[in-house]
Structures are given as structure tokens and as C-alpha cells.
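Subject: The structure you asked about

Hi,

Here is the structure I promised to pass on. Please open it beside this email and follow along as you read.

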Amino acid sequence: RRTRLRAGIIGGLFVMALVAISVRAIQLHVFEGAWLSERAAREYERAMVVQGKRGAITDRNGSPLAVSIDSPSIVAYPRQISDRQAAARQLAKALNLSQREVVKKLNPKRTFVWLKRQAIPRQAEAVQALGIKGIDFITEHSRYYPNETLAAQLVGFSGIDGHGLEGMEFYFDAYLKGGEEEITVLKDALGRRFEGAGMPVR
């Protein structure tokens, strides 16, 4: 009789536990599924606004005075970097930055950070050669002035975000600036980046 009683109690406990688990599973999948999916997506995606290529400025003969060229910007996903101290040391050397500054940027509380906007090709190649997981590249557009200081006060210059700040760059900014485009940068479980419509770019 005692054995049957114990078996009944244990069986009842198992049934109660199974019912509790089933209720919780239904709650998560049916009532909180959308919220959980959105929260998980935020861990792997980031919406960014990218400035389109700025228009060129030429002289009356068509020779370029100011043009936009593709330039790689270097970004980091700190939570994907396993050894942040070692990575900071290598990145600081490749980008000619302070190691302390890079360590601060690689704070694991941050999901995304710019390391170097519009880096020069030599820097981008040096960083790519390191092969550090959690480091990525986003193509932006930097301004190039073929004649350097010639007519510099007239031509003016633009900032890193593609907005005219002085001279013709500022005065005709509305005509020169490229359109803005929002892209979604994603990382899958293997660390490959997905952009725009979700196709892997590298």
C-alpha cells in the first residue's frame, strides 16, 4: 500500500511538472514568440544609414576638382572577439591608434563599434591580414581632391559623413550629396556578414 502511495505521489509530481513545462512552452511559442524573435534578431543585426556617393565638382574643361572614391571603413563586433587584449594590440599597430583607445572601443557591452572610418587601403589590408573574428569592413565614400590645395578655398571640403562644410562643397551641398540608404548588417553563427536583402558578402 505504501509503495502504491509513493508511486502515486511521484507520478502526480511528474504529471504536474509536465503540465507546467507544457504551459510554459505554449506561453513562449504562442504568446511571447514574436518578442523573443525580435530580441534574438537584435543580437545579430544592426540597421545603418549609408550615405550615397557624392557628386563630382569639375572645372569648365571637365577636369575633376573633387570626386568621391570607395573607401573601406573598419568596424568591430566586440562580443565576437575572444581575446580583446590581443586583438586591441594588433589592431592598434595596424591602424596607428592607441592600444588603450582600441581596448576601450572593444567593450563587450557594445554590439557594434567603428574602429576606423574611411581607412586607407594599406590599413584595411593590414587589418584583413590579421584574420580576427569579429572585425568587418563596410564600404563608404571618401572625398578626394586631385589638385590638393589648388583652388582649395573655392572648392571647399566635406566632412566624413559626406556633408559639405566649406566653399562650393557647402554652397551646392543639396545638389552634390548622395541619397541616404538604410542597410541591415547581420552576422550569422559562422561570423559571415549579411547585408541588405540578406545575401552574404564575405
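A residue is called buried when its relative accessible area is under 20%, exposed when it is over 50%, and partly exposed in between (1.4 Å probe, protein chains only). By that rule, 30% of the 202 residues in the protein are buried.

Some housekeeping before the tour. This is a predicted model, in which local features need pLDDT of at least 70 and side-chain atom pairs count only at pLDDT 80 or more, while totals for chains, interfaces and linings use all residues. Residues are numbered from 1 along each chain as its sequence is written, and side-chain values use heavy atoms, with hydrogens and water left out.

**How confident is the model?**

pLDDT is the predictor's confidence in each residue, from 0 to 100. Its mean over the protein is 77, and 74% of the residues reach 70 or more. Confidence is highest in helix H3 (residues 84-95), at a mean of 92, and lowest in strand E10 (residues 199-200), at 33. Across residues 188-202 the pLDDT is below 50, and this stretch has 29 contacts in the model beyond near neighbours in sequence. Contact here means heavy atoms within 4.5 Å.

**The overall picture**

The protein has 8 helices and 10 strands. Both are DSSP runs numbered from the N terminus: helices (H or I) have at least four residues and strands (E) at least two. Of the contacts between residues at least 6 apart in sequence, 66% join residues at least 24 apart. The accessible surface comes to about 13900 Å², and 56% of it belongs to carbon and sulfur atoms; the Shrake-Rupley method with a 1.4 Å probe gives these areas, and for residues only the protein chains shown count as cover.

**Strands around E3**

Two strands pair if DSSP finds at least two bridges between them. Strand E3 (residues 64-76) pairs with E5 in the antiparallel sense over 10 bridges, and Ala-76 has Ile-135 in E5 as its bridge partner. E3 is also joined to E4 by 3 bridges, again antiparallel, with Ile-74 opposite Lys-116 in E4. Strand E2 (residues 57-58) pairs with E3 over 2 antiparallel bridges, and Ile-57 stands opposite Ala-66. E2 and E3 form a hairpin with 5 residues between them, and Gly-62 in the turn has a positive phi of about 90 degrees.

Is strand E5 enclosed or open? In E5 (residues 135-144), 7 of the 10 residues are buried, so this strand is largely enclosed by the rest of the structure.

H3 has 12 residues and spans 16 Å from its first C-alpha to its last, close to the 16 Å expected at 1.5 Å a residue. That expected span is 1.5 Å times one less than the number of residues. Buried residues of H3 include Ala-86, Leu-91 and Leu-95. Their cover includes E3, helix H4 (99-105), strand E4 (113-116), helix H5 (121-130) and E5.

A nonpolar core is a set of buried Ala, Val, Leu, Ile, Met, Phe, Trp, Tyr and Cys residues joined through side-chain atoms within 4.5 Å. The largest one has 19 residues, and those touching the most other members are Ile-74, Leu-91, Leu-106, Leu-115, Val-127 and Ile-135. E3, H3, E4, H5 and E5 each supply at least two residues of this core, and H3 gives the largest share, 6 residues. Apart from it lies another core of 6 residues, including Ile-57 and Leu-176.

**A few residues to look up**

Most residues other than glycine have a negative phi. Asn-96, in the loop between H3 and H4, has a positive phi near 60 degrees and counts as exposed, at 69% relative accessibility. Gln-118, in the loop between E4 and H5, has a positive phi near 50 degrees.

Asp-83 sits in the loop between E3 and H3 and is partly exposed, with a relative accessible area of 43%. Its C-alpha lies 9.5 Å from that of Ile-132, although the two are 49 residues apart along the chain.

Finally, Leu-154 belongs to helix H6 (residues 152-155) and is exposed at 56%. Beyond its neighbours within four places in sequence, Leu-154 is in contact with Gly-167 and Met-168.

Happy exploring!
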